[in-house]
Amino acid sequence: MGKTYLKVATVYFTIGVLAGLTMGIIHDFRFTSVHAHINLLGWVTMALFGIIYHLYPNAAKSKLAKTQFWLHNIGVPVMLGGIVLQVLGVSAALPPTIIGSIAVVVGVILFMVNVFKYVGKDSTVNSDKNVSI
Ligand code: HEM
Ligand code: HEM
């Protein structure tokens, strides 16, 4: 789970910086919000999920983690695709944007529950001292 999140995060990072670079070069800032959320919900948030799940393998193995992974990875592209369409004038894209956003928020709530339930239940061994984190 940790590794998958880190790999997906780097794909969002690549798309996010390419979008930023393109916006800057062509001086079209209509998609600033999309660029910001590709980088923040895609790269930063997913890289954090990846690092947290690497540190806490019990949390990574739970059903909550798997459900949240799919809510985030379906919700983010639906939300961002919806924003792109709305910026292009497709007002019918508002409902899917809201549904995608709600999926992300529900996923974040599951993530919080998962962290409260499982973080601290792992015994990760530090190389020189036996330290539980
Ligand atoms: C080479 C990489 C990047 C380029 C070329 C780039 C370019 C841009 C451009 C042109 C804007 C619009 C500025 C404006 O509207 O005045 C912008 C906004 C923004 N970028 Fe990036 N960006 C890059 C990487 C990132 C990364 C890695 C993040 C987050 C981790 C990020 C977060 C944001 C945010 C939050 C905004 C909106 C700022 C605001 O609302 O004022 N960008 N970026
Ligand atoms: C489901 C989750 C989220 C939703 C629905 C959401 C929604 C929004 C909305 C409606 C705006 C205003 C956009 C505009 O003025 O054009 C915004 C701006 C912003 N959000 Fe989010 N957001 C979410 C998650 C996040 C997260 C996790 C971060 C940071 C880690 C973040 C950082 C920002 C920033 C920096 C801005 C200002 C940049 C901009 O001009 O777009 N958001 N967000």
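The residues of the shell around ligand 1 comprise eight nonpolar, five polar and no charged (Ala, Val, Leu, Ile, Met, Phe, Trp, Tyr, Cys and Pro count as nonpolar, Asp, Glu, Lys and Arg as charged, and the others, Gly among them, as polar).

User: What kind of model is this?
Analyst: This is a predicted model, in which local features need pLDDT of at least 70 and side-chain atom pairs count only at pLDDT 80 or more, while totals for chains, interfaces and linings use all residues. Residues are numbered from 1 along each chain as its sequence is written, chains are lettered from A and ligands numbered from 1 in the order in which they are written, and side-chain values use heavy atoms, with hydrogens and water left out.

User: Which residues come nearest to ligand 1?
Analyst: Val17, Leu21, Thr32, His35 and Asn39 do, out of 13 residues around ligand 1 (a residue is near if one of its heavy atoms lies within 4 Å).

User: How far is the side chain of His35 from a nitrogen atom of ligand 1?
Analyst: An N or O atom of that side chain is 2.8 Å from the nitrogen atom.

User: Turning to ligand 2, what is the protein donor to the iron atom?
Analyst: The single donor from the protein is His37 (NE2), 2.1 Å away (donors are N, O and S atoms within 2.8 Å of the metal, or 3.2 Å for Na, K and Ca; water is not among the atoms, so sites may look incomplete).

User: Where does His37 lie?
Analyst: His37 is in helix H2 (residues 32-55) (helices are DSSP runs of H or I with at least four residues, numbered from the N terminus). H2 gives the most to the shell around ligand 2, with four residues.

Methods:
Helix = DSSP H or I, 4+ residues; strand = E, 2+ residues; numbered from the N terminus. Polar contact = N/O pair within 3.5 Å; in protein donor to acceptor, adjacent residues only side chain to side chain.
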